[in-house]
Every structure is written in structure tokens, then in C-alpha cells.
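Student: Please take a close look at one chain of this complex and how it sits against its partner. I would like one connected account.

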Amino acid sequence: MPDLITTYFGSVSYQPECVVEFPLGLPGFDEERRFLLIEQALNKPVVFLQSLSRPELCFITLPVTLICGTYELRLSPEDLETLGLDRMPASAGGPEVVSLAIVTFTEGGPPTANLLSPIVINWRRRVGIQAVPADAPYSHQHPLFTGTREVPCS
Amino acid sequence: MLVIRRRPGQSVLIGEEIEIEIIEAGPARVKLGITAPKQILVLRKEIRITRQQNLNAAQGVSQEAVRKLAEKLRPAAASAERQQTDSRQESGGA
């Protein structure tokens with residue numbers, strides 16, 4: 001099993017078949033094509049998206065359906081083609097796809113999740129994209145907590 | 001902001017080298033044709049927003065902050081999982 005040195009986790013052993021390819025990279029990180037999904041019992045339900053080529057690059061993500069139970073994926077025909085899917089997945093929460101929102105920690109405010117542009121992974125093929133739909137009703141800075149009240153997601 | 005009314009087939013010019021043509025106008029959206037030099041980047045605004053959001057998110061965060069986030073979300077995650085199991089059992093029983 002190959003080892004990966006990461007800033008966040010130190011040394012990580014992983015199975016090559018767990019690497020997810022992002023053929024188009026992510027906006028702002030166009031050259032980052034390979035990521036590992038890492039879950040830790042200690043930090044459940046957080047999912048880490050660790051770059052294979054940049055030790056310091058690790059996104060903190062959450063399943064979109066955890067933030068918004070009624071979350072609806074919007075994928076373009078090009079998105080589906082990149083993912084190797086021949087039709088829209090029935091649900092953002094699987095079983096065909098894993099859908100994750102990248103979390104941003106802000107100073108002075110609650111962490112926010114990017115529900116506008118979800119990371120969508122066809123787990124069977126280990127291929128992923130960051131979908132950026134033109135007409136989604138979701139925010140790119142959805143606050144995860146405001147006091148004790150839940151925030152409506154759309 | 002400059003506001004101009006145009007019909008399908010009409011264009012707007014920006015500088016000497018950029019042309020934006022209205023190809024089609026529907027009730028909910030319009031189709032634009034953009035002609036610009038190669039070195040000019042043409043992007044949907046959502047892509048730029050996503051790019052900036054990704055750059056902010058990649059700033060790095062302390063293990064402590066992540067652990068706190070996970071702790072706050074764990075009850076919601078547990079109840080979501082329970083609901084999933086429940087609905088699976090329901091559909092299994094039907």
C-alpha cells in the first residue's frame with residue numbers, strides 16, 4: 001500500500017483503488033486531478049478530500065443531504081458524461097453517487113458550506129467533478145449554524 | 001450599470017474586439033454568443049464564485065475546529081442515518 005505524506009494527517013497509507021480521479025480538476029485547482037476521500041471515526045460525519053499531489057491541500061466536506069435533507073442535484077449533460085453516468089442519479093445521497101459540500105471556516109462567523117457547487121463522485125468508477133449548475137437555488141455560503149436554529153437551505 | 005435593451009439577432013460591442021450577440025431570448029433565460037480574443041477569459045459567474053470559495057476553503061483549518069464541527073453535527077448525522085434505516089425497513093416490509 002502506498003503512503004502519502006499529508007500536512008493534516010501526517011503519513012497516510014491508502015489503497016490505490018480508493019483514489020478518486022477528477023478529470024477536470026476543481027475551479028481554482030485545475031491541476032489537482034487525484035484526491036483521496038478520508039473518513040475518521042473521531043470526526044464523523046466530516047469527510048476529508050485530500051489532494052494526492054499537494055500535501056497541504058485538504059478540503060473539509062460534508063454530505064449535502066446531511067445539511068439539506070431535500071437536496072436536489074443538478075447535473076448538466078457534460079457533468080453526467082464526465083462522471084460516466086447515463087442518467088441523472090435518483091438521489092444526491094446515493095447509491096450511485098456521493099455528493100459532498102466543501103466547508104469554509106470563516107473568522108467570526110459560523111462555518112459555511114458550498115451547496116451551490118457540490119463535489120459529485122461516481123463511486124463505482126472512482127471519478128468525480130465539482131458541479132457548478134447555472135440555476136441551482138442553493139447558496140455557495142450556506143451557514144451551518146446560526147445560534148440554535150436550523151437554516152433553510154433553499 | 002449601463003442597461004441596454006436588445007432583441008435576438010442584435011449585438012453589443014465591448015471595446016474593439018468583444019462582441020456579445022443575443023441569439024435567443026426565452027421567458028426565463030437568454031442564449032448569448034460571445035466573440036472575444038483567445039486571451040480574454042469568458043466564464044459563467046458561478047464558476048468564479050466557486051473558484052473563490054474553493055480558494056478560501058483551502059486556507060487550512062485547525063484539527064480542533066474540525067473536531068468541534070463534527071461534534072455539533074453528530075446528532076443530526078445520527079438521526080439522518082436512523083431515518084434512512086427506518087425507510088429502508090419500511091420499504092423492505094411493504
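Tutor: Chain B contains 2 helices and 3 strands. Along the sequence these elements run β-β-β-α-α. This is a predicted model, and chain B has an average pLDDT of 88, with 87% of its residues scoring at least 70. For the complex, the predictor reports an ipTM of 0.91 and a pTM of 0.86.

Taken on its own, chain B has 94 residues, of which 16% are buried. Among its contacts with a separation of 6 or more, 0% join residues 24 or more positions apart.

Next comes the partner. On the chain B side, 26 residues are in contact with 33 residues of chain A. The two chains bury about 2,600 Å² between them, and carbon and sulfur atoms carry 66% of that area. Within the area that chain A buries against chain B, A:Tyr8, A:Phe105 and A:Phe145 supply 21%, more than any other three residues. Two elements of chain A, strand S6 (58-63) and strand S7 (97-104), each give two or more residues to the side that touches chain B. Sorted by class, that side of chain A has 23 nonpolar, 9 polar and 1 charged residues.

One caution on reading the model: where pLDDT is low, the predicted coordinates should not be read in detail.

How values were computed:
Residues numbered from 1 in each chain as written. Chains lettered and ligands numbered in written order. Predicted model: local features only at pLDDT ≥ 70, side-chain atom pairs only at ≥ 80, totals over all residues. Heavy atoms only, no water. Contact = heavy atoms within 4.5 Å. Buried area = accessible area lost by both parts, 1.4 Å probe. Helix = DSSP H or I, 4+ residues; strand = E, 2+ residues; numbered from the N terminus. Nonpolar A, V, L, I, M, F, W, Y, C, P; charged D, E, K, R; others polar. pLDDT = per-residue confidence, 0-100. Buried < 20%, exposed > 50% of the residue type's maximum accessible area, 1.4 Å probe, protein only.
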